[in-house]
Structure formats: C-alpha cells, structure tokens
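This briefing goes with the structure displayed below. Please keep the sequence to hand while reading the points.

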Amino acid sequence: DSTPFVVDASGLVGVGGNPFSSTTSLTAWTDTAVWNNIAIGKSNDGANASNFVLYKSRGTRASPTAVSTNDNAGAISFLSYGGSTYRPTASIIASVETYTSDTNIAGALLFSTNSGGTSSTEKMRITAAGNVGIGGTPPAGYSVLSTKNLTGATSVYGILQQGTVQSDVTANTVNFASIASTQAASFTLPN
C-alpha cells in the first residue's frame, strides 16, 4: 500500500502502509534501504530528557488494577525474518520482581538472546537489589553470578572488589582471582 498514513476501522495506525497485524497498535514500516527510525526529541534549557514510557496495569485503561509479582511491565523485542516468519533474536524485559503495595513495586531487567533456534532465552538479569546474574539469577549475598564454565568449573560466584574476584569456596564453586596488572597467560584454578 502506498498510503503514507493509515488508521483502520479498529483504530490501528500504520505509517508507511497498513498496520502490521491486528495486535500491533502502531506500525512504522519502510521497504527502502534507508533507516526506519522513530525519533523523540526535546530542546530546552531544563535538565529533563525526552522519555519513551511503557505503562503496565491489570484491569482496563478506564479501571486499572495493581500489577502482580512476575508481571512484565514492558519489553523491547528484536525479531528477524527466517524465511517463513519473524523469530525472536533478542529482548530486554522490565519485570515486576515483587509487588507488595502501591508504594513498593520492585523491578528487574531481563536480557534474552537466541542461541540458535526459534526462541530466545534469558541470559542476564539485574535484580531489584542491583545484583547481576549472567546465565542465572544471583543467589542472596552475591553481587555477581556467572555460570559460564571456566576450565571445568560448573559455576563461579564472586564479588568484584578492587580488581579481584573473590568467592566463598564450597563443593560446587571455584575460587577465581585475577589482578589485571599481574595477569598471567595461563594459570590453574584451585578446587
């Protein structure tokens, strides 16, 4: 469709053509080689920036109700066409980690990627406490968790402190330390 701006009978909006699908409220699409950008700008002498805001409630717009723990508050999804349909490539999701009351809604950011297949899975999480989990959710008491295998280790739990990764050694973890100024080409990880 060569129509530059379309509002269909159900109120869906298409910029550059018809709305993409019945579940997409706003579509901005181009079939040319130029970038397809959505720009939000602000010029003034104040400190406030432009905002891209995603809202989430239960209920309806006219009568919203409170969110629940594990609700997704918003997402940015990246899809790639594989030959028959668009498949998830990666996403960033803002999730309600815990809902206690109107003044106590804890949030987390979840980062997902597709490792090769038809769906993406969570690879990193930043919890409401500011802890980071790479490959898993960080357990209580740890600032960083990485489940990336290192020379046969199944997991490494650590806290970055003055250039050294320190850990509590148990049967399932490995003590790993590295100081950038004295880093060797290879070293042995003790059990």
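The model is predicted. It contains 13 strands and 0 helices, and 19% of its 191 residues count as buried.

**Overall make-up**
- Along the sequence, the elements follow the pattern β-β-β-β-β-β-β-β-β-β-β-β-β.
- Among the contacts in the protein with a separation of 6 or more, 12% are between residues 24 or more positions apart.
- The accessible surface is about 13,700 Å², and carbon and sulfur atoms contribute 54% of that area.

- An open sheet of 3 strands is arranged in the order 1-2-3, and its pairing is mixed.
- Strand 1 and strand 3 (residues 26-28) are at the edges with a single partner strand each, so one side of each has no neighbour in the sheet.
- From one strand to the next, the twist averages 10°.
- Strand 1 (residues 5-7) pairs with strand 2 (residues 13-15) in the antiparallel sense, over 3 bridges.
- Within this pairing, V6 stands opposite G14 of strand 2.
- V7 belongs to strand 1 and also contributes to a nonpolar surface patch of about 390 Å², together with F5, V15 and L26.

**The hairpin of strands 6 and 7**
- Strand 6 (residues 72-81) and strand 7 (residues 86-101) run antiparallel and are joined by 9 bridges.
- A75 is placed opposite I93, a residue of strand 7.
- The hairpin has 4 residues between its strands, and G83 takes a positive phi near 120°.

**Salt bridges**
- The whole structure has 2 salt bridges.
- One of them is formed by R58 and D71, with the closest N and O atoms 2.6 Å apart.
- This pair links distant parts of the chain, 13 residues apart: R58 is in strand 4 (residues 58-59), while D71 lies in the loop between strand 5 (residues 64-65) and strand 6.
- Is D71 buried or exposed? D71 counts as buried because its relative accessible area is 8%, which is under the 20% cut-off.
- R58, its partner, is partly exposed at 38% relative accessibility.
- R125 and E122 form a salt bridge in which the closest N and O atoms are 2.8 Å apart.
- In this pair, R125 is buried at 19% relative accessibility, whereas E122 is partly exposed at 31%.

Definitions and conventions:
Residues are numbered from 1 along each chain as its sequence is written. This is a predicted model: local features need pLDDT of at least 70, side-chain atom pairs count only at pLDDT 80 or more; totals for chains, interfaces and linings use all residues. Side-chain values use heavy atoms; hydrogens and water are left out. Patches are made of residues with over 30% relative accessible area and no salt bridge: like charges are joined within 9 Å, nonpolar side chains (Val, Leu, Ile, Met, Phe, Trp, Tyr) within 5 Å. Accessible areas come from the Shrake-Rupley method with a 1.4 Å probe; for residues, only the protein chains shown count as cover. A salt bridge is a side-chain nitrogen of Lys or Arg within 4 Å of a carboxyl oxygen of Asp or Glu. Helices (H or I, at least four residues) and strands (E, at least two) are DSSP runs, numbered from the N terminus. Two strands pair if DSSP finds at least two bridges between them. Axes are lines fitted to C-alpha atoms, for helices over the stretch in contact, and angles run from 0 to 180 degrees between N-to-C directions. Buried means under 20% relative accessible area, exposed over 50%, partly exposed in between (1.4 Å probe, protein chains only). Contact means heavy atoms within 4.5 Å.
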